[in-house]
Amino acid sequence: MPQVTETHLPGVGVRHDFTTARGERVGVVFHRSGRRELLLYGREDPDACLTALHLSPDDTRTLAELLGATQVSEVLATVQQRLEGVALDWVNVPAGSPFAGSTIRRGQFRTQTGVSIVAVIRGDATVPAPGPDFELQPGDVTVAVGTPEGLSEFADLLGA
Amino acid sequence: MTFLFAAAGGDAALAFIELGAVAIGLAVLARLAGRWGITAIPFYLLAGLAVGEGGFAPLDVSSDFISLAGDIGVLLLLLTLGLEYTSDELRQGLRTGVAPGLLDAAANFTPGFLAGVVLGWEVEGALLLGGVCWVSSSGVIAKVLSDLDRLGNRETPAILNLLVMEDLAMAAYLPVMAALLAGTGVADAALTVGISLAAVAVILTLALRWGQGLSSLLARGSDEALLLSLFGITLLVGGLAEQLQVSAAIGAFLVGLALSGPVQARAGALIEPLRDLFAATFFLFFSFQIRPGSLVAVAVPALLLAAVTGGTKLATGWFAARRMGVALHGRLRAGTVLIARGEFSIVLASLGAAAADGEELRALAAGYVLLTATTATLLTKHAERLAPAR
């Protein structure tokens, strides 16, 4: 993490700035009104900003999302294809999952939640229709079919 | 209702027509100023000259009305100035900005004061002229910095800290001047100065300590209630301060300082349109009373003063920016933008209206503000070109 400098601007607000890994200086002025300015400093005159981008609170949120804040991945992760009463979902097996390293049989997922694992995505490979002896690994993504409630219980079991 | 208005007769009708025409004229000027990226204050002053005595389109609206509206404008100008800074910012300013603040006072007050002495004015007039030259215009500077996208620049905190220091200094300077102008003998003056400084100290302490209570009390109401209570409190405190010979302006300033937290920003946004309206009236009325002839008479001293104090302000900004480790171009930008004098200088000059040299002071201040506010804006736009090419 680069070091962020804070400067108070009396009557205006606060400015934060830092130097990027490539040596460019970037800053943000936070106005009291909630407006923000995104600043890029020049190399020739380090005291002046080359560009200032004026952002309303809404603009700021949009820009933050585009820069890869939480929202984007959340939206992708919750994409579900629904048939009537049946849903298909991708569920991760996180590193700390109680079932990482155990077989599908031992998980007793279908008995407990009514959910079937129809495929497992491991790295670039996809294993279609894994058998009961298939061993789940941390980092796997299971493709599961079941009721929406069942799927959320399944995700809870896996610790996703 | 109709006959009530009819009873007021043609007077009201004529006054409305004249005031309406003047307001539209000011609106056109404000738009022009906006397009050229400079403050509207010089234009308002010129408009006042045009419609004033001896101008080319003299008004005959009762000057009592405009004068009262102008006085309210001063109170609202000072109120918004007080609202601009939080008490934390003021305390921090006091901790870090004393050295540039003192240099600022010494370098810019002195030439103005000396000019007053050379012109053969009484001490009060000379002291006021010192003040006129001392205070940069936070209104003009805030507008220029944001128009030119300089809020993020490294020299900007140096500029803003100087403005905070000047505002704080005004809290002491204004009541002293008000007392001096009211006092008769030296002993009397010393007494009133003592009283008024004590009053300011008490109000300032109360404001910084218990301002929180007032803020949270005001914060509960609707926007309408907030606007009315703010307006009421400002006039009330201003009036009481005037009674104590502390000057109404400083009372309004302290009300602004006392407010903090979320209500501070809300109050600022609410009062701003009202301030713009009344302040425009104030600037108009200020030069309304100046005969164009007297402005011509002070042209040479105004030019000289603007040149000298332009140089000293440049040096002040240069020093303040250098202290923050800012390079040549940044120092030039800081120095040039600070040259702008504006609303505060006009307020100070209007304080001295009743003084022996009030007439001359008024004309000189108007000319001086006209020159500095416009040249500073132009100079700072091209500040980098002032530096020798590398």
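**Figure 1. Buried residues of helix H5 in chain B of a predicted model.** The buried residues of H5(B), each with under 20% relative accessible area, are Pro100(B), Gly101(B), Asp104(B), Ala105(B), Asn108(B), Phe109(B), Pro111(B), Gly112(B), Ala115(B) and Gly116(B). In the scheme used throughout these legends, exposed means over 50% and partly exposed lies in between, with a 1.4 Å probe and protein chains only. The cover over the buried residues of H5(B) includes H6, H8 and helix H14 (299–323) of chain B. Helices are DSSP runs of H or I with at least four residues, strands are runs of E with at least two, and both are numbered from the N terminus. This is a predicted model, in which local features need pLDDT of at least 70 and side-chain atom pairs count only at pLDDT 80 or more, while totals for chains, interfaces and linings use all residues; side-chain values use heavy atoms, with hydrogens and water left out. Residues are numbered from 1 along each chain as its sequence is written, and chains are lettered from A and ligands numbered from 1 in the order in which they are written.

**Figure 2. Course of helix H5 in chain B.** H5(B) contains 21 residues, and the distance from its first C-alpha to its last is 30 Å. This is close to the expected 30 Å, a span defined as 1.5 Å times one less than the number of residues. At Phe109(B) the helix bends by about 25°, and a proline, Pro111(B), follows within four residues. The bend is the angle between axes fitted to the seven residues ending at a position and the seven starting there. Just after H5(B), Gly120(B) adopts a positive phi of about 80°.

**Figure 3. Aromatic pairs around Trp134(B).** Rings of Phe, Tyr and Trp (its six-membered ring) count as a pair if their centres lie within 6.5 Å; planes under 30 degrees apart are stacked, over 60 edge-to-face and the rest tilted. By this rule there are 11 aromatic pairs over all chains. The ring centres of Phe109(B) and Trp134(B) are 6.0 Å apart and their planes stand at 85°, so this pair is edge-to-face. Phe109(B) belongs to helix H5 (residues 98–118) and Trp134(B) to helix H6 (residues 123–134) of chain B, so the pair ties together parts that are 25 residues apart in sequence. Phe109(B) and Trp134(B) are both buried. Trp134(B) also forms an edge-to-face pair with Tyr173(B), at 5.7 Å centre to centre and 85° between the planes. Tyr173(B) lies in helix H8 (residues 156–182) of chain B and Trp134(B) in helix H6, so this pair ties together parts that are 39 residues apart in sequence. Tyr173(B), like Trp134(B), is buried.

**Figure 4. A cluster of aromatic rings in chain B.** Tyr44(B), Phe282(B), Phe283(B) and Phe286(B) are linked into a cluster by ring pairs.

**Figure 5. Two loop residues with positive phi.** Most residues other than glycine have a negative phi. Gln108(A) is not a glycine, yet its phi is positive, about 50°. Gln108(A) is placed in the loop between helix H3 (104–107) and helix H4 (109–113) of chain A, and its relative accessibility of 46% makes it partly exposed. Asp149(B), also not a glycine, has a positive phi of about 55°. Asp149(B) is found in the loop between helix H7 (138–147) and H8 of chain B, and is partly exposed at a relative accessible area of 25%.

**Figure 6. The fold of chain A.** Chain A has 5 helices and 10 strands. Its radius of gyration, taken over C-alpha atoms, is 24 Å, well over the 15 Å that the globule rule (2.2 Å times the number of residues to the power 0.38) gives for 160 residues, so chain A is more spread out than a compact globule. Its C-alpha atoms fill a box of roughly 65 × 35 × 25 Å along the principal axes. Of the 160 residues of chain A, 34% are buried.

Figure 7. Chain B has 18 helices and 0 strands. For its 390 residues, the radius of gyration of 21 Å agrees with that of a compact globule, near 21 Å. Of these 390 residues, 52% count as buried. The predictor assigns the complex an ipTM of 0.76 and a pTM of 0.76.

How values were computed. Contact means heavy atoms within 4.5 Å.
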